[in-house]
Amino acid sequence: MSRNLRGATAIVGAGLGGAPMAPGRGALEIQAEAVYRALSDAGLSVRDVDGIFTGSSHHFMPALSTAEYLGIHPRFSDSTMIGGASFVGHLLPAALALRAGLCDVALICYGSNQGSGFGKLKSMSETQTYEAPYEPRYPVSSYALAAARHMHAYGTRREDLAEVAVAARKWAQLNPEAYARDDLTLEQVLNARMVSDPLSVLDCCLVTDGGGALILVRAERARDFPQPPVYVLGAAMAHWHRQISALPDITVTAAAESGPRAFAMAGLRPADVDVAELYDAFTINTILFLEDLGFCGKGEGGAFVRDGALAPGGRLPVNTNGGGLSCCHPGMYGIFLLIEAVRQLRGQAGARQVAGAEVALCHGNGGVLSSQVTALLGTAAAL
Amino acid sequence: MEQPAHPAFAGPGPDAEFAAALAQGRFRIQRCGACRRHVFYPRVLCPHCGAAGLGWVDAEGSGTLYSFTIVRRKAEHGGDYNVALVDLDEGPRLMSRVDGLVPEQLKIGMRLASRVIDTPRGKLLVFVQALEGTR
């Protein structure tokens, strides 16, 4: 029973690197900074790491490149590639390997210089034979197709999408490490240059640099480190498609499956979540995930986000670092969901701190609404 | 132990067979001999039931617009164009394009008919608005 993973592991170190922009620095260099900061946070050194969990759009065999670069000889490694959700997904093999004793200190890490190095999405993706002839802009057109269908089916409005972008920006304005911190209004989002209707450029995530790293250990050791432990209470993944044309109902993602399974493992409900970090590569994502994870009913996401509901002071704190829309998005954003949740649960989030946060939900997305991974993290009080 | 021969695993694969038919102007899709459901894109195994017995049928060519997006492109690069998801009447969904209409005329739920057209890169399956009265 998956319930025996509940609280079995904890995050004891977290760090960012190269965020949000690091001109002149490469992906492994940015990743190394994040790893150094996470290990310092945990009071450990690279010599202590014996498990590596990583993914990359820059390196074909990322676990090998990462381990060699850092001088680690891992006893266990995994670099399952499911796009941006990968790093949330890595919580599961990391927990399994730690529990099985295949490793004792697990490092989940990522680094990318796609912002300053490429200026657009860096991808090793293969051509999709039956979609490519129609030249969808990858990945935005796939998300636009979902948004258009959601608007048709449920009356969701572009104004609702814009609410998501504005709320993210308001959180970013409280985060000194966020990339986009200028004032942003609904009108600006609505009047922005269209990229793939109904999505404008301000419905799309940033293109930045950045890296992140997390250190995980078995729960019985978790209190031996300098920082308050953040426990992995539940995690689950689901994926139904690779190409958007293969998702049966494009208004329903596999988060509708990963969410309930993660909640079941954690023994929690959406109402127990104090802060939610939802993979907002595009504004429609946040609305889809609020619905699919059970924060509101299917089709109610547009209404749910209105009137600043996700912004500071709103009904549910969502994407408190500013999200992929306003904080950073170096190609794959998953690890940043976890790092922000750790900071919130430790009470270290500064001006954007959600008071008394004990339970955080992180939801990772990858591909074109393809891979979905939900994780529930909590403080010792939530165990 | 030697595995017995199976026609599903011999000769050119379904991708090549689809492409060969398209090159002759034909739009073909697969149908599973076991569960009788239609399949697109072409596969070796039925994604509904796992059987290795997919045969080819001519698509009816009729469908419904499930969703669409207008991809914005500078005029000097050819201007805006649409990308559509079309539900075939047989069941499968595919990505395509709706030709002959301006963006304001595209409506989710509208009836469409397939065409195989010539492009500089070869034959391409697209859709046009179906005539009144077609299913």
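Helices (H or I, at least four residues) and strands (E, at least two) are DSSP runs, numbered from the N terminus. This is a predicted model, in which local features need pLDDT of at least 70 and side-chain atom pairs count only at pLDDT 80 or more, while totals for chains, interfaces and linings use all residues. Residues are numbered from 1 along each chain as its sequence is written, and chains are lettered from A, with ligands numbered from 1, in the order in which they are written.

**Stop 1: a loop in chain A**

Select A:Arg269. This residue sits in the loop that runs between helix H9 (255–266) and strand E9 (275–278) of chain A. Burial is judged by counting other C-beta atoms, placed from the backbone, within 10 Å of a residue's own: 20 or more is buried, 12 or fewer is exposed, and anything in between is partly exposed. A:Arg269 has 11 C-beta neighbours inside 10 Å and therefore counts as exposed.

**Stop 2: helix H6 of chain A**

Select residues 140–154 of chain A. This is helix H6, with 15 residues and a reach of 21 Å from first C-alpha to last. That is close to the 21 Å expected at 1.5 Å a residue, where the expected span is 1.5 Å times one less than the number of residues.

Of the 15 residues of H6(A), 12 are buried, so the helix is largely enclosed by the rest of the structure. Colour the buried ones: A:Val140, A:Ser141, A:Ser142, A:Tyr143, A:Ala144, A:Leu145, A:Ala146, A:Ala147, A:Ala148, A:Arg149, A:His150 and A:Met151.

What covers these buried residues? From chain A, the cover includes helix H7 (158–172), strand E5 (194–196), strand E6 (199–200) and helix H10 (283–292). E4 and E5 of chain B are also part of the cover. At the end of the helix, select A:Gly155, which follows H6(A) and has a positive phi near 75°.

**Stop 3: the contact between the chains**

Show both chains. Two residues are in contact if their C-beta atoms, placed from the backbone, lie within 7 Å. The contact takes 20 residues from chain A and 18 residues from chain B. On the chain B side, strand E4 (62–71), strand E5 (81–88) and strand E6 (93–96) each supply at least two residues. E4(B) gives the most, with 6 residues.

By type, the chain B side divides into 11 nonpolar, 3 polar and 4 charged residues. Here Ala, Val, Leu, Ile, Met, Phe, Trp, Tyr, Cys and Pro count as nonpolar, Asp, Glu, Lys and Arg as charged, and the others, Gly among them, as polar.

**Stop 4: chain B as a whole**

Chain B comes to 1 helix and 8 strands, in the sequence pattern α-β-β-β-β-β-β-β-β. Its C-alpha trace spans about 60 × 35 × 25 Å along the principal axes. Of the 135 residues in chain B, 27% are buried.

Colour by domain next, with bounds that come from an automatic or database domain assignment. Domain 1 of chain B is 7–58 and domain 2 is 62–129. Taken over C-alpha atoms, their centres are 23 Å apart. Between them, 9 residues of domain 1 are in contact with 10 residues of domain 2. On the domain 1 side, helix H1 (14–23) and E2 of chain B are the elements that give two or more residues. That side divides into 6 nonpolar, 2 polar and 1 charged.

**Stop 5: strand pairs in chain B**

Two strands pair if DSSP finds at least two bridges between them. Select E1, E2 and E3 of chain B: these 3 strands form an open antiparallel sheet in the order E2-E1-E3. Strand E2 (38–39) and strand E3 (54–58) stand at the edges with a single partner strand each, so one side of each is left without a neighbour in the sheet. Strand E1 (residues 28–32) pairs with E2(B) over 2 bridges, and B:Gln30 stands opposite B:Val39.

Move to strand E7 (residues 111–119) and strand E8 (residues 122–129) of chain B, an antiparallel pair with 8 bridges. The two form a hairpin with 2 residues between them. B:Thr119 stands opposite B:Gly122 in E8(B).

**Stop 6: the nonpolar core**

Show both chains again. A nonpolar core is a set of buried Ala, Val, Leu, Ile, Met, Phe, Trp, Tyr and Cys residues joined through C-beta atoms within 7 Å. The largest has 162 residues, and those with the most contacts inside it are A:Ile108, A:Leu214 and A:Leu377. This core draws at least three residues from each of domain 1 and domain 2 of chain B.

Finish on A:Ile108. Not counting residues up to four places away in sequence, A:Ile108 touches A:Phe53, A:Phe87, A:His90, A:Ala94, A:Ala213, A:Leu214, A:Leu216 and A:Ile335.
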